[in-house]
Amino acid sequence: MANWKYKLKSGSALREAICNEDIMQTAECLRNCCVELNRKLRGEDKSDYALELEDMQSSLECFEVDEDAEDNLNCYLADFYDICDSVGAWIEI
């Protein structure tokens with residue numbers, strides 16, 4: 001069983017948006033999760049994760065629904081989950 005260092009409270013809204021298949025809401029919730037995780041990492045040796053989260057946050061602020069929106073969002077989600085696994089962050093249900 002994993003030992004989680006952080007718990008993201010904004011994760012429950014992200015999971016709900018994903019379940020509802022609401023692309024724009026999912027993008028907004030994912031942006032909120034990026035902000036929350038970056039705040040939790042502040043003051044620690046964040047290495048490249050802070051930059052990745054900040055880049056993702058900026059991209060999600062400009063997110064638009066187009067023909068590639070779902071694929072793009074899935075890539076952001078996969079990257080975010082990878083970061084969470086790397087830093088020990090649990091996305092609350």
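Is Thr26 buried or exposed? In this predicted model, where local features need pLDDT of at least 70, side-chain atom pairs count only at pLDDT 80 or more, and totals for chains, interfaces and linings use all residues, Thr26 is buried, with a relative accessible area of 3%. Residues are numbered from 1 along each chain as its sequence is written, and side-chain values use heavy atoms, with hydrogens and water left out. Buried denotes under 20% relative accessible area, exposed over 50%, and partly exposed the range in between (1.4 Å probe, protein chains only).

Thr26 belongs to helix H2, which spans residues 23–41. Helices are DSSP runs of type H or I with at least four residues, numbered from the N terminus. A polar atom of the Thr26 side chain lies 3.3 Å from the backbone oxygen of Ala17.

The whole structure contains 3 salt bridges, a salt bridge being a side-chain nitrogen of Lys or Arg within 4 Å of a carboxyl oxygen of Asp or Glu. Arg31 pairs with Glu28, with the closest N and O atoms 3.2 Å apart. Both residues lie in helix H2, 3 residues apart, about one turn of the helix. Arg31 counts as buried because its relative accessibility is 17%, whereas Glu28, at 34%, counts as partly exposed. Arg31 also meets Glu61 in a salt bridge with an N to O distance of 4.0 Å. Since Arg31 lies in helix H2 and Glu61 in helix H3, this pair ties together parts that are 30 residues apart in sequence.

Another salt bridge joins Glu36 and Lys40, whose closest N and O atoms are 3.9 Å apart. These residues are 4 residues apart in helix H2, so about one helical turn separates them. Glu36 is buried, with a relative accessible area of 15%, while Lys40, at 31%, is partly exposed.

On the surface, Glu21, Glu64, Asp66, Glu67, Asp68, Glu70 and Asp71 gather in a patch of negative charge. Such a patch is made of residues with over 30% relative accessible area and no salt bridge, like charges being joined within 9 Å. Asp and Glu count as negative, and the charge is placed at CG of Asp or CD of Glu. Within this patch, Glu64 lies in the loop between helix H3 (47–61) and helix H4 (69–87). Glu64 counts as exposed because its relative accessibility is 61%.

Methods: Patches are made of residues with over 30% relative accessible area and no salt bridge: like charges are joined within 9 Å, nonpolar side chains (Val, Leu, Ile, Met, Phe, Trp, Tyr) within 5 Å. Accessible areas come from the Shrake-Rupley method with a 1.4 Å probe; for residues, only the protein chains shown count as cover. Helices (H or I, at least four residues) and strands (E, at least two) are DSSP runs, numbered from the N terminus. A polar contact is a pair of N or O atoms within 3.5 Å; within protein, one must be able to donate a hydrogen and the other to accept it, and residues adjacent in sequence count only if both atoms are side-chain atoms.
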